[in-house]
Amino acid sequence: MVALTVNGRRVEVAAPDHKPLLWVLREDLGVLGPKYGCGVGQCGACRVLVDGEAIRSCMHPIGSLGGASVVTIEGLADPDGRLSVVQQAWIDEQVPQCGYCQPGFIIAATELLARTPAPTDAEIDEAITNICRCGTYPRIRRAIHRAAS
Ligand code: FES
């Protein structure tokens, strides 16, 4: 049994220690924002914040996360439903095409802006290593600059 906090809610998970956080979120807890893309730590579709760090949840076994605080795309908005600055910028810049990978990008952008409030294009490219098959990278950059302003 692993106890952790997910989007502000304390949960206890009875899953094998080796089960990746991504699948605990999706299968055991019904948190479907984090997506499965590659399963090998490449694409970033599964990124969530763990204690403020945007990790690739397909690569982190639940057994290593006791006591952690996990925030997914579902946990970024205020309790009253007001979107985060990053989420709102994504809408204002109409970033998504198919949208599948975007939760991971928004999580990565949220982490970047928390530690670098006004990132340059180079800092964005260095920090946001997710993969988008629709090629939305220019709009992602614009949205991050908008959220930073
Ligand atoms: Fe985790 Fe691709 S599904 S990095």
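This report walks through the sheet, the helix packing and the domain contact of one predicted model.

Some ground rules come before the details. Residue numbers start from 1 along each chain, following the sequence as written. The model being predicted, local features need pLDDT of at least 70 and side-chain atom pairs count only at pLDDT 80 or more, while totals for chains, interfaces and linings use all residues. Helices (H or I, at least four residues) and strands (E, at least two) are DSSP runs numbered from the N terminus.

Domain 1 puts 16 residues into the contact and domain 2 puts in 13 residues, where two residues are in contact if their C-beta atoms, placed from the backbone, lie within 7 Å. On the domain 1 side, strand 3 and strand 4 are the elements that give two or more residues. Strand 3 gives the most there, with three residues. Sorted by class, that side of domain 1 holds eight nonpolar, five polar and three charged residues. For the classes, Ala, Val, Leu, Ile, Met, Phe, Trp, Tyr, Cys and Pro count as nonpolar, Asp, Glu, Lys and Arg as charged, and the others, Gly among them, as polar.

Five of them make an open sheet, ordered 2-1-5-3-4, with mixed pairing. Strand 2 (9-13) and strand 4 (53-56) are the edge strands, each pairing on one side only. From one strand to the next, the twist averages 40°. To count as paired, two strands need at least two bridges between them in DSSP.

Strand 3 (residues 47-50) runs antiparallel to strand 5 (residues 69-71), and two bridges join them. In that pair, V50 sits opposite V70 of strand 5. Strand 3 also pairs with strand 4, again in the antiparallel sense, over four bridges, and here L49 faces A54 of strand 4. Strand 3 and strand 4 form a hairpin with two residues between them, and D51 in the turn has a positive phi of about 50°. In a regular strand the side chains alternate between the two faces of the sheet.

Helix 3 (residues 102-115) lies across strand 3 and strand 4, and runs at about 35° to strand 3.

**Helix against helix**

Two packed helices are described by the angle between their axes and the distance between the axes. Axes here are lines fitted to C-alpha atoms, for helices over the stretch in contact, and angles run from 0 to 180 degrees between N-to-C directions.

| Helix pair | Angle | Axis distance |
|---|---|---|
| Helix 2 (residues 85-92) and helix 5 (residues 137-148) | about 130° | 8 Å |
| Helix 2 and helix 3 | about 125° | 9 Å |
| Helix 3 and helix 5 | roughly 40° | within 11 Å |

Angles under 35 degrees count as roughly parallel, over 145 as roughly antiparallel, 65 to 115 as roughly perpendicular and the rest as oblique. Helix 2 and helix 5 are therefore oblique to each other. Their crossing is right-handed; that label applies if the near helix is turned clockwise from the far one by less than a right angle, with anticlockwise giving left-handed. V85, V86, A89, W90 and D92 of helix 2 meet A143, R146 and A147 of helix 5. By class, that makes six nonpolar, no polar and two charged residues.

The angle in the table, about 125°, makes helix 2 oblique to helix 3 as well. Helix 2 passes helix 3 in a right-handed crossing. V86, Q87 and W90 from helix 2 touch Q102, I106, A109, T110 and L113 from helix 3, a contact of five nonpolar, three polar and no charged residues.

That leaves helix 3 and helix 5, with axes crossing at roughly 40°, which makes this pair oblique. The crossing is right-handed. F105, A109 and L113 of helix 3 make the contact with I140, I144, A147 and A148 of helix 5. The contact has seven nonpolar, no polar and no charged residues.
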